[in-house]
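Hi,

Here is the structure I promised to pass on. Have a look at it first, and then read my notes below.

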Amino acid sequence: MKKSIGLLLALTLILALFAGCGGGASPSGTSSSPTASASGTDAAVKPVKIAVAAPMTGDNAEYGKSFLAAAEVMVEKWNAEGGVLGRPIELVAYDDKNSGEEAASIAQKIVSDPDIVGVLGHFASGVSMAAAPVYQENKLVQISNCASHPDYSSIGNYIFRNNTVINEEFKVIVDIIANDLGYTKVGVIAIKTDWGTTAGGIADELISASPNLTLVAHEDVMETSDDYSPAIAKLEAAGAEVVVAVGMYGLYGPLAKQYKAVNPDIRLVGVSNAYTQQIIELGGDAVEGLFAPVSFYADNPDPEAQAFVASYIGKFGSEPSSLAAQAYDSIGILLTAIQQVGSTDKEAIRDAVNAIEYDGLSGFTTFDEIGDASKIFTKVIIKDGAFIPYEG
Amino acid sequence: MLFQQLLNGLALGMAYALVAVGYSLVFGILRLVNFSHGAVYAFGAHAAAFLIGYSWGLLPAVLASVLLTGLLGVLIDRTSLRPLRKKHSPPIASLISTIGVSTILQNLLMIAMGSQKKSFPALFDFGMITIGTAKISWTQMIMFAISLVLLGVLSFIVHSTKIGLAMRGVEQNGKAASLMGIDNNFIVTFTFFLGGASAAIAGVLISGYYQVFYPTMGFMVGLKAFSAAVLGGIGALHGAVLGGLLIGVAESLAATWMGSAYRDSVAFLILILVLVVRPSGLFGRKGITKV
């Protein structure tokens with residue numbers, strides 16, 4: 001009696017395994033079938049779906065939710081004008097919890113949904129790079145508005161980056177330090193993640209290569225820790241006058257507070273991640289005078305920018321960062337490409353995205369052969385509890 | 001710089017000591033490692049921040065948070081541990097149960113208050129004191145003082161009051177204690193209440209020092225505090241404080257000499273060493289057989 005039940009259960013499990021495999025293999029074959037040629041009424045009302053994959057919970061949920069809010073603003077704008085190809089646009093949000101494993105499994109889910117024509121994601125470079133091979137293999141266009149690791153776009157021709165490569169950002173940072181601040185002794189503090197280690201290394205190189213600057217110390221810190229005092233003590237002992245902090249927004253508040261308690265004259269420079277309202281909430285007075293290079297600034301007087309900012313604040317509650325503006329533009333790029341192509345054929349969309357010239361809120365965007373976009377930066381500084389552009 | 005790192009280590013260590021005292025207390029009386037202590041500590045910080053957000057004064061919010069967190073400790077005991085004791089389950093079942101409670105609590109906090117780091121009002125922020133070339137902040141000194149006071153109060157309760165006598169009796173022999181007229185269940189409830197209350201105090205102090213709080217704050221601190229409690233001899237309250245200080249200093253020195261990336265590993269390396277070389281820790285009693 002017991003043996004036959006066991007056998008039955010085992011058979012059921014094996015059959016379920018085959019069913020799962022079979023289900024996974026078929027959807028990629030439907031991608032080239034002309035679902036978008038709106039001949040019948042069924043195809044006409046079937047929505048065009050775009051996936052948004054980013055951390056929606058956890059330490060970096062602020063970023064994920066902000067990307068979703070920005071994407072929603074763009075989608076609402078297009079839907080108000082009739083959608084794309086006469087079909088309404090729908091966003092499907094996925095929470096990758098900022099983990100590579102989670103991202104890879106989400107990527108599998110996304111590519112097995114035949115209605116999804118493109119992906120906005122992910123957030124961290126390491127995570128985006130973990131998911132990218134899945135999108136590349138299944139010919140789904142992935143635009144990341146946030147990955148800045150140099151190797152990201154070269155994973156494949158379906159992988160695009162609508163963000164600065166970290167080298168470009170650091171050139172601006174080094175320029176700020178050398179020319180605007182006039183200090184010579186620079187310390188670097190970086191979080192110990194895929195991105196942080198690479199970006200920290202690039203920072204070191206560029207600072208050492210700059211004629212007037214000396215790199216006095218480089219400290220790696222764990223993202224999970226709130227106590228940076230050992231690293232700060234080492235930077236202080238090395239005599240750093242200005243510190244480049246390479247991390248997510250959660251780094252800057254506590255770091256600034258702890259550093260200013262030890263050395264009130266220290267200047268801090270952040271990367272574009274630093275341009276979020278939460279830094280001011282967490283850092284208070286300590287983050288006064290923090291610099292950052294950004295590709296989009298919320299007080300941009302352009303009417304489309306102001307409309308975006310207003311709708312975004314309505315959804316999210318605070319001003320958009322450059323990453324949010326890039327999310328907004330990335331969705332716009334994808335939709336424009338689909339409009340240009342006239343169908344949801346994946347290869348045609350890829351070619352259209354690569355060739356596109358998009359005048360967006362984060363600058364005039366074009367993609368090179370690898371899939372990188374180039375941006376123009378504004379320098380911002382925190383003064384009296386708000387970000388203002390730095391003219392100096 | 002070494003002196004400064006030492007001071008940093010002592011300050012950090014005091015934070016671990018505050019949490020480690022709770023572990024030692026519960027283990028000392030119940031022979032149970034309460035892994036939900038880290039999550040209860042995070043709850044304490046969140047409760048205080050929540051009440052402060054509703055414009056309660058600092059002191060009323062902290063007192064209310066201590067009360068609430070104590071009650072949470074009691075709730076955890078009633079719902080997840082008492083049924084296991086009734087069934088005479090092996091001690092490891094209770095241990096695993098507390099791990100589960102920890103995850104549940106953390107996720108409930110995430111759902112209720114959001115998972116991002118949030119700002120906690122600064123406590124005792126009176127500036128820095130300079131000792132030679134090193135600086136230490138008033139907050140750190142006051143944390144030190146409050147931890148010693150907490151240690152004193154808990155030790156007093158356990159060693160010099162009737163209820164403390166009952167707690168020690170229950171720990172030595174549960175059956176005999178109940179034969180002597182002690183209500184075992186009440187003693188266990190009281191122990192968990194004390195544990196929760198001390199976790200809340202730790203939570204408020206540490207959040208006030210770093211000025212951030214978030215649902216997973218109890219995870220790393222909880223594990224390191226556990227190492228600290230084991231190092232000091234789990235069950236001995238003064239051992240927990242000493243263990244916490246040692247781990248804090250070790251972490252700080254490791255960050256200085258080996259780089260900040262090795263900070264976390266040092267605490268767990270010490271845990272392994274202690275368990276291999278001298279499992280009863282510095283002040284613990286020998287002959288611990290239960291899990």
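This is a predicted model: local features need pLDDT of at least 70, side-chain atom pairs count only at pLDDT 80 or more; totals for chains, interfaces and linings use all residues.

**Starting with a helix**

Just past α12(A) comes Gly342(A), with a positive phi of about 85 degrees.

**Chain A overall**

Chain A contains 13 helices and 14 strands. Its radius of gyration is 23 Å, close to the 21 Å from the globule rule for 392 residues, so chain A is as compact as a globular protein of that length. The C-alpha trace of chain A spans about 70 × 65 × 35 Å along its principal axes. Of the 392 residues in chain A, 52% count as buried. If you take the contacts in chain A between residues at least 6 apart in sequence, 67% of them join residues at least 24 apart.

**The core**

The largest nonpolar core has 215 residues, and Ala70(A), Ala71(A) and Tyr328(A) have the most contacts inside it. Helix α1 (residues 2-30) of chain B gives the largest share of this core, 17 residues. Domain 1 (46-164 + 302-366) and domain 2 (167-294) of chain A both contribute residues to the core, so it lies between them.

Which residues does Ala71(A) touch, not counting those up to four places away in sequence? They are Val52(A), Leu91(A), Leu120(A), Ala327(A), Tyr328(A) and Ile331(A).

**A strand residue to look at**

Leu268(A) sits in strand β9 (residues 267-270) of chain A. It has 24 C-beta neighbours inside 10 Å, so Leu268(A) counts as buried. Leaving aside neighbours within four places in sequence, Leu268(A) is in contact with Val243(A), Ala245(A), Ala256(A) and Leu290(A). Leu268(A) and Val188(A) are 80 residues apart in sequence, with 9.9 Å between their C-alpha atoms.

**Where the chains meet**

The contact draws 28 residues from chain A and 25 residues from chain B. On the side of chain A that touches chain B, α3 (61-80), β7 (214-221), α8 (229-238), α9 (249-262) and α10 (277-283) each supply at least two residues. The residues on that side of chain A divide into eleven nonpolar, seven polar and ten charged.

Cheers

Methods
Residues are numbered from 1 along each chain as its sequence is written. Chains are lettered from A and ligands numbered from 1 in the order in which they are written. Two residues are in contact if their C-beta atoms, placed from the backbone, lie within 7 Å. Helices (H or I, at least four residues) and strands (E, at least two) are DSSP runs, numbered from the N terminus. Ala, Val, Leu, Ile, Met, Phe, Trp, Tyr, Cys and Pro count as nonpolar, Asp, Glu, Lys and Arg as charged, and the others, Gly among them, as polar. A nonpolar core is a set of buried Ala, Val, Leu, Ile, Met, Phe, Trp, Tyr and Cys residues joined through C-beta atoms within 7 Å. A residue is buried if 20 or more other C-beta atoms lie within 10 Å of its own, exposed if 12 or fewer, and partly exposed in between; C-beta atoms are placed from the backbone. Domain bounds come from an automatic or database domain assignment. The radius of gyration is taken over C-alpha atoms; the globule rule is 2.2 Å times the number of residues to the power 0.38.
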